[in-house]
Amino acid sequence: MGKIIENLILGLIGLAMTSIGGLIGLFAFLWSCFCFWAMLAYLFTKTVSHRQYKFLCSVKTEIEFAKNQAFRQKEQRLATQSNYIRERIEYF
């Protein structure tokens, strides 16, 4: 009779441990599903806040202005150099 009670108690403890392990496994599975869908949503959703959009637009505007200014300075230097070369040719 003692052996039956001992086996019954050990069986209940094993069943409890198995059910706790199953619950932990279920929570881990649900958490991994959530992480997977969150990752997919993050990868395929392209969102930019209004503040970031304004900042990016201002940076783009500044870059375009600097590029145009550099182009104008280059053209001015080339014109100045061409005029200097013509003056030197006319001098000789």
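Hi everyone, let's start with a tryptophan: Trp 37 is exposed, at 58% relative accessible area. Here, exposed means over 50%, buried under 20%, and partly exposed in between, using a 1.4 Å probe and protein chains only.

A quick word on the source: this is a predicted model, where local features need pLDDT of at least 70, side-chain atom pairs count only at pLDDT 80 or more, and totals for chains, interfaces and linings use all residues. Residues are numbered from 1 along each chain as its sequence is written, and side-chain values use heavy atoms, leaving out hydrogens and water.

Now, how many aromatic pairs does a search of the whole structure find? It finds two. In Trp 31 and Phe 34 we have a tilted pair, 5.5 Å centre to centre with 35° between the planes. Rings of Phe, Tyr and Trp (its six-membered ring) pair if their centres lie within 6.5 Å; planes under 30 degrees apart are stacked, over 60 edge-to-face, and the rest tilted. Trp 31 and Phe 34 are three residues apart in helix α1 (residues 2-44), so about one helical turn separates them. Both are exposed.

Back to Trp 37, which pairs edge-to-face with Phe 36, at 5.4 Å centre to centre and 70° between the planes. Phe 36 is partly exposed, at 42% relative accessibility.

On to charges. There is one salt bridge, meaning a side-chain nitrogen of Lys or Arg within 4 Å of a carboxyl oxygen of Asp or Glu. Lys 67 forms it with Glu 64, and their closest N and O atoms are 3.7 Å apart. Glu 64 is partly exposed, at 34% relative accessible area.

Definitions and conventions
Helix = DSSP H or I, 4+ residues; strand = E, 2+ residues; numbered from the N terminus.
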